[in-house]
Amino acid sequence: MVYKFNGVSKFVLLCLFFLATLSFAEDLIATASNGATVILHDNGRWEYYQNNSKIRDIRPDAIPEDAKYNISVVYESCDKLKKDVRMAMEADFATEEEIKDSLRKVPKGGVVYFQVPTTQIKKGFVRELNYSIYDKGKKPIFSKTSADTEATLSEDHGVSNLMVVPIYAKPKAKVLKARITSAKGNQTLDFEIPVK
């Protein structure tokens, strides 16, 4: 039921109220009392959502479940890797010389793991992503494109490694930057990796 006040509908009054209170805010997407989706602009105008192709619906409930993708980045330092190698080799009764030889092969900068829950990898829906790691500067120290179907199971239950990147040189920065970009380059996700 829509009430009329001097020829103005409750919907228009509601929009005017929102526009008055949000005059300094960014454009918002709202649902009117009649169920229509409208864009409330920060300059006081409003329009139906369907009339504006430049605005996209970024509400979490507007994203289809198949399009959601949860990626994480895990870093293991050189020191932790050396401890793990030493423990594993001591458990296999390796000699001290064999242990020292294996420790020389541990990457000085550690290892970066790009991971995803295994349930998100679907055979019929392949995502091809570009993985990059930056130390200092604008050029990546590592960059590679790979499909998520190439992921391998990790030691953690329910998690797969999309990419395992050894960092052979000791990092110059205290924080490495990881970037994941879609194959078309229209979506980018950045991570900061504190070097321990």
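Buried means under 20% relative accessible area, exposed over 50%, and partly exposed in between, with a 1.4 Å probe and protein chains only. Helices (H or I, at least four residues) and strands (E, at least two) are DSSP runs, numbered from the N terminus. This is a predicted model: local features need pLDDT of at least 70, side-chain atom pairs count only at pLDDT 80 or more, and totals for chains, interfaces and linings use all residues. Residues are numbered from 1 along each chain as its sequence is written, and side-chain values use heavy atoms, with hydrogens and water left out.

**Stop 1: helix α2**

Select residues 78–91, which form α2. The expected span of a helix is 1.5 Å times one less than its number of residues. For the 14 residues of α2 that should give 20 Å, and the end C-alpha atoms are 20 Å apart, which agrees.

Now colour Cys-78, Leu-81 and Met-89: they are buried in α2. They cover an arc of only 60° around the axis, which puts them on the same side of α2. The arc is that of the directions from the helix axis to the C-beta atoms. On the other side of α2, Asp-79, Lys-83, Met-87 and Ala-91 are exposed.

What covers the buried residues of α2? The cover includes β6 (72–76), α3 (96–103) and β7 (111–117). Step just past α2 to Phe-93, which takes a positive phi of about 60°.

**Stop 2: the open sheet**

Select β6, β7, β11 and β10. These 4 strands form an open sheet in the order β6-β7-β11-β10, with antiparallel pairing. β6 and β10 (152–153) stand at the edges with a single partner strand each, so one side of each is left without a neighbour in the sheet. Two strands pair if DSSP finds at least two bridges between them. Between β6 and β7 there are 5 bridges. Look for Ser-72, which stands opposite Gln-115 in β7.

**Stop 3: β8, β12 and β13**

Move to β12, which 6 bridges join to β8 in an antiparallel run. Here Asn-130 has Thr-181 in β12 as its bridge partner. Another 7 bridges join β12 to β13 (residues 188–194), also antiparallel. Ile-180 stands opposite Leu-189 in β13. The hairpin of β12 and β13 has 5 residues between the strands, and Gly-185 takes a positive phi near 80° there.

**Stop 4: the ring pair and the cores**

Show Phe-114 and Tyr-131. The structure holds 1 aromatic pair. The ring centres of Phe-114 and Tyr-131 are 5.0 Å apart and their planes are at 50°, so the pair is tilted. Rings of Phe, Tyr and Trp (its six-membered ring) pair if their centres lie within 6.5 Å; planes under 30 degrees apart count as stacked, over 60 as edge-to-face and the rest as tilted. Both Phe-114 and Tyr-131 are buried.

Widen the view. The largest nonpolar core has 16 residues, and those with the most contacts inside it are Val-112, Phe-114, Tyr-131 and Val-165. Such a core is a set of buried Ala, Val, Leu, Ile, Met, Phe, Trp, Tyr and Cys residues joined through side-chain atoms within 4.5 Å. β7, β8, β11 and β12 each give two or more residues to this core. Apart from it lies another core, of 8 residues, among them Cys-78, Leu-81, Leu-103 and Tyr-113.

Notes. Contact = heavy atoms within 4.5 Å.
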